[in-house]
Amino acid sequence: MELLKKYKCKILIIIFMIIVILFSLKNIVVAYFSYAGSAKGNIQFTITNSQLLLKSNVNGDRKEITVEHVGTFASYIRVKILAMSEESYTVEQSKNWIYKDDGYWYYTNILGNNERTEILKIETNKEVIVIAESVYAKYKDNIPYADWEKIYTNR
């Protein structure tokens, strides 16, 4: 008991120091997560919206697909047809739909707001899933191109 009285003051000082350290660390952490800065000048930017409306009309073994683009900027469109096997469907050739080795059908024209693709005709006696994707048309030297790394999908 006498030992406790002897070190009581030292123990209280140590506890007080621990409490002070903990409260000061709390302020550092709060300050770290709540830093506010200021900037001068202004940059104007516009947040855009792009939406794809995939429409299909089924008539027997024929599925007719169109994609409507609703958005601020002109866009390129592509679709992917998913089926159990590629032999389970055929696509009627079209001048504005081109198939590429990556498994997508690319629409060759740029679509503006509320414009839609020509019909893509799929012949199948099985269920297929069609996924539509779009990217904004970009321009280099006034020549439009599609950067398919940044896509918008209807999934």
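Residues are numbered from 1 along each chain as its sequence is written, and side-chain values use heavy atoms, without hydrogens or water. Because the model is predicted, local features need pLDDT of at least 70 and side-chain atom pairs count only at pLDDT 80 or more, while totals for chains, interfaces and linings use all residues.

**Exercise 1. Describe the surroundings of H69.**

Step 1: H69 sits in strand β2, residues 62–71; strands (E, at least two residues) and helices (H or I, at least four) are DSSP runs, numbered from the N terminus.

Step 2: H69 has 0% relative accessibility, so it counts as buried. Buried means under 20% relative accessible area, exposed over 50%, and partly exposed in between, using a 1.4 Å probe and protein chains only.

Step 3: Look for partners. The H69 side chain reaches the backbone oxygen of F73 at 3.4 Å. Leaving aside neighbours within four places in sequence, H69 has contacts (heavy atoms within 4.5 Å) that include S50, L52, I77 and N113.

**Exercise 2. Find out what V130 touches.**

Step 1: V130 belongs to strand β9, residues 129–140.

Step 2: With a relative accessible area of 12%, V130 is buried.

Step 3: Beyond neighbours within four places in sequence, V130 is in contact with L54, I65, V79, K80, I81 and I122. Take L54 from that list: V130 and L54 are 76 residues apart in sequence, yet 8.4 Å apart in space, C-alpha to C-alpha.

**Exercise 3. Work through the aromatic pairs.**

Step 1: Count them. The whole structure holds five aromatic pairs. Rings of Phe, Tyr and Trp (its six-membered ring) pair if their centres lie within 6.5 Å; planes under 30 degrees apart are stacked, over 60 edge-to-face, and the rest tilted.

Step 2: Take one of them. F73 and Y136 are edge-to-face, with 5.5 Å centre to centre and 75° between the planes. F73 lies in the loop between β2 and β3 (75–82) and Y136 in strand β9, so this pair ties together parts that are 63 residues apart in sequence. F73 is partly exposed at 41% relative accessible area, and Y136 is partly exposed at 30%.

Step 3: Turn to another pair. The ring centres of Y104 and Y106 are 6.2 Å apart and their planes are at 55°, so the pair is tilted. Both Y104 and Y106 are buried.

Step 4: Y104, Y106 and W148 make up one aromatic cluster.

Terms used. Polar contact = N/O pair within 3.5 Å; in protein donor to acceptor, adjacent residues only side chain to side chain.
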